[in-house]
Amino acid sequence: MSGIGRQDEAHMATPELIEAHGYKAETHKIWTEDGYGLAVHRVLPSNDRVPSVPNIDSTINTSTDCSVECHNSSASVEAPESRGSASSRLPVLLCHGLLSSSSDWVLLGPHEALSYVLCDSGYDVWLANCRGNTYSKYHKHYTRRDREFWNFSWHEIGYYDLPAMIDYILKETGHSDLYYIGHSQGTTVFFVMGSERPEYNAKIKGMISLAPAVFLSNQRSPLITFLVHIIDLLEWGSVICNIHHLLPRNRWQSRILSTFTRNAPCTLTQGLCNCWFSLIAGFGSNQLDKSIVPVIFGHFPAGSSTRQIFHFASIIHSGLFRKFDYGAKTNLALYGSTQPPKYSLERVKAPVALFYSDNDLLIHHSDVQKLASTLPNVIEVKKVAYEKFNHIDYLWGRDARTLLYNGVVALLKKF
């Protein structure tokens, strides 16, 4: 990391961060069945003998729309003789939460961020970018300005994106199964896939669920509770105003937020950040270091569709883990019922471990226990020991390695 400081990291793409942290980075482009182009970032140790990778992400302009063809990068990043033959490193796919991206897993820095802890422990680490975020804004027929591009919720991410990424990774690495680690919405989409496409359970060696966002009726976030109460108004407004894309990341936004948090008085930035994050994630944690805040806002938020928000609001309001609610008339046409059907969690046969924390305002322990009692193959339900550990500490907590990540690595060996 010579010559690279936190100020620089706020403006670097995920592959650049990985390289700056002393690891090798690859970018792989993957097409889904319904036409979305996804970027998946791979983390390899610096001493691995792999060809150097051109900075493909430097061609991604986050401030302009495009519907260019995303080229499969495997030919340029992997030696032909190794493709399809299983390596000694077992693949693990990490999937981010709502409004996030692959950068979540690297911002803590070398040997501290989960992706690096896994890489240092001998795993082949792949970082997902789901449709609509900073790195995955491509479609074969639509641009980001088209309403049709944003016509998805996290259901489609689970049904199309995850299977496409899993199949690609297994083909590239030569393995028959992989590990999966998700945070928040990254867990939601896994359980969608496991219930809607149960054949993929056989491709999961083990799944670790960090703050599983499945049953949410007991969430305690004041901000989320307020938004749920006015969700009908927000949904109506999004249609009237033709707003389908929420909080996209762009160059100017990232620079303004990161510059403000870096240069403003400590008490002001600490107070604003604590207020914002605490309203959503949980109050009282001492895990967020001020030095990482400008870096976080250089990468977060990374954008989502408004339907992802509305879908979460629906399951909070109903208390059920179910498909998107289009309204009685459309539901009847699509589902054969005026109410959206529930996901069949009993189909999720893959071995699952659930991690939760008492100070997480979004994920209540009773909802985690409800999920555990519904799934057929739960091998462990574990509470993070630090009582103030909140929803964002899973990603950016200064002690996340000792409180959580070392236990995650130990658990992977049990699957």
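Student: Why is Gln 185 called buried?

Tutor: Buried means under 20% relative accessible area, exposed over 50%, and partly exposed in between, with a 1.4 Å probe and protein chains only. Gln 185 has 2% relative accessibility, so it counts as buried. This is a predicted model, in which local features need pLDDT of at least 70 and side-chain atom pairs count only at pLDDT 80 or more, while totals for chains, interfaces and linings use all residues. Residues are numbered from 1 along each chain as its sequence is written, and side-chain values use heavy atoms, with hydrogens and water left out.

Student: Which residues does Gln 185 touch, not counting those up to four places away in sequence?

Tutor: Contact means heavy atoms within 4.5 Å. With that sequence limit, the residues that Gln 185 touches include His 96, Trp 154, Ala 213 and Phe 312.

Student: Where is Gln 185 found?

Tutor: Gln 185 is found in helix H6, residues 185–196. Helices (H or I, at least four residues) and strands (E, at least two) are DSSP runs, numbered from the N terminus.

Student: Why is Leu 99 called buried, and why is His 111 called partly exposed?

Tutor: Leu 99 has a relative accessible area of 13%, and is therefore buried. For His 111 the value is 41%, so this residue is partly exposed. Leu 99 lies in the loop between strand E3 (91–95) and helix H4 (114–120), and His 111 lies in the loop between E3 and H4.

Student: What is the phi of Leu 99?

Tutor: Leu 99 has a positive phi of about 65°, although it is not a glycine.
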